Amino acid sequence: MALAQRPPPGVWRRLSQWREDRKLRLLDISANLWHEALGDWSVYRRYSESERNWLRETALRLLLRKHLVGVGGVEISDVMRLRIAGMAAVPVLGLGLEWYDGWQTLILYDGPFVADHSWQDEFGIVHQETSARSGEAWQRGPVVLSLQDVLAAGRHQGYNVVIHELAHTLDMRSASANGAPPLHADMDAAAWKCDLSAAWNDLAHRAELGQRLPIDSYALEDPAEFFAVLSETFFESPRSLQSAWPAVYGHLVAFYRQNPLELT
Ligand SMILES: [Zn+2]
């Protein structure tokens with residue numbers, strides 16, 4: 001009998017949505033606090049008033065759904081919480097917050113953190129690697145960020161560790177981090193691959209010649225980093241990306257379902 005009384009599928013989802021809506025109405029964030037958190041960020045300023053409302057709502061829903069945890073003595077202030085959530089909201093404004101459903105926790109470290117990783121080469125030999133990082137993202141979470149890098153995000157040409165790490169989580173929605181997120185049905189996967197490969201080759205060539213690069217050379221680490229760096233440049237410095245590789249810029253407009261250059 002208990003089973004027969006179980007609510008039909010979808011009811012729990014509607015219930016949790018109702019709870020979230022209720023909590024959202026109770027949150028009273030002043031305009032001043034929002035301004036302190038995001039007012040100096042050029043990406044935020046680019047949006048219209050109604051888009052900023054949507055961004056702020058998405059950021060608050062993200063804070064209701066995820067855990068933001070400071071470790072190593074990091075205290076996360078309200079302003080920092082809103083700034084991180086606001087930056088994290090940008091990549092999913094056109095996609096929907098459910099694109100972040102795969103992870104639950106965002107950890108904030110004080111300073112670059114040291115990560116130990118082991119990996120296996122083609123001969124089966126396991127290598128141990130220790131490196132200082134500004135952030136990292138795992139397939140089922142957590143997303144890890146260094147506070148110093150979060151403070152530097154959005155302040156100079158193209159750099160944004162929050163968008164970078166969250167782009168990795170979008171990429172990982174299709175199996176693993178390989179630079180190929182799940183594309184929408186109306187997108188041409190072959191053209192995506194061809195145009196991103198051409199841009200990769202062009203970047204490698206320009207780096208070899210010691211030329212000024214349109215995106216951070218860290219993108220050449222592997223295809224996953226290429227997509228993450230392209231994503232942060234797309235939002236932070238869209239004009240330089242569009243003029244270097246217009247086709248790649250067009251694919252990112254189609255994927256993120258927003259065009260930063262049309263907002264300016
Ligand atoms: Zn990365």
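Visitor: At what angle do helix H5 and H7 pack, and how far apart are their axes?

Guide: Two packed helices are described by the angle between their axes and the distance between the axes. In this predicted model, helix H5 (residues 78–89) packs with H7 at an angle of about 50°, and their axes are 9 Å apart. Angles under 35 degrees count as roughly parallel and those from 65 to 115 as roughly perpendicular, with the rest being oblique once those over 145 are set aside as roughly antiparallel; H5 is therefore oblique to H7.

Visitor: Is the crossing of H5 and H7 left-handed or right-handed, and which residues make the contact?

Guide: H5 passes H7 in a right-handed crossing. From H5 the contact involves Ile84, Met87 and Ala88, and from H7 it involves Val162, Ile163 and Leu166. By class, six residues of this contact are nonpolar, with no polar and no charged ones.

Visitor: How close do the axes of helix H7 and helix H9 come, and at what angle do they cross?

Guide: The axes of helix H7 (residues 161–171) and helix H9 (residues 223–236) come within 8 Å, and they cross at roughly 125°. This angle makes H7 oblique to H9. The crossing of H7 and H9 is right-handed.

Visitor: Which residues form the contact of H7 with H9, and how do they divide into nonpolar, polar and charged?

Guide: H7 contributes Ile163, His164, Ala167, His168 and Asp171. H9 contributes Ala224, Phe227, Ala228, Val229, Ser231, Glu232 and Phe235. Among the residues of this contact, seven are nonpolar, three are polar and two are charged.

Visitor: Let us turn to the sheet. What is the order of its strands, and which are the edge strands?

Guide: Strands of a sheet pair through backbone hydrogen bonds, either parallel or antiparallel. Here an open sheet of four strands has the order E1-E2-E6-E5, and its pairing is mixed. Strand E1 (67–70) and strand E5 (135–137) are the edge strands, each pairing on one side only. From one strand to the next, the twist averages 15°.

Visitor: In which sense do strand E2 and strand E6 pair, parallel or antiparallel, and over how many bridges?

Guide: Strand E2 (residues 105–109) and strand E6 (residues 143–146) pair in the parallel sense, over four bridges. To locate this pairing in the structure, find leucine 108, which stands opposite leucine 145 in E6.

Note on methods:
Residues are numbered from 1 along each chain as its sequence is written. This is a predicted model: local features need pLDDT of at least 70, side-chain atom pairs count only at pLDDT 80 or more; totals for chains, interfaces and linings use all residues. Axes are lines fitted to C-alpha atoms, for helices over the stretch in contact, and angles run from 0 to 180 degrees between N-to-C directions. Helices (H or I, at least four residues) and strands (E, at least two) are DSSP runs, numbered from the N terminus. A crossing is left-handed if the near helix is turned anticlockwise from the far one by less than a right angle, and right-handed if clockwise. Two residues are in contact if their C-beta atoms, placed from the backbone, lie within 7 Å. Ala, Val, Leu, Ile, Met, Phe, Trp, Tyr, Cys and Pro count as nonpolar, Asp, Glu, Lys and Arg as charged, and the others, Gly among them, as polar. Two strands pair if DSSP finds at least two bridges between them.
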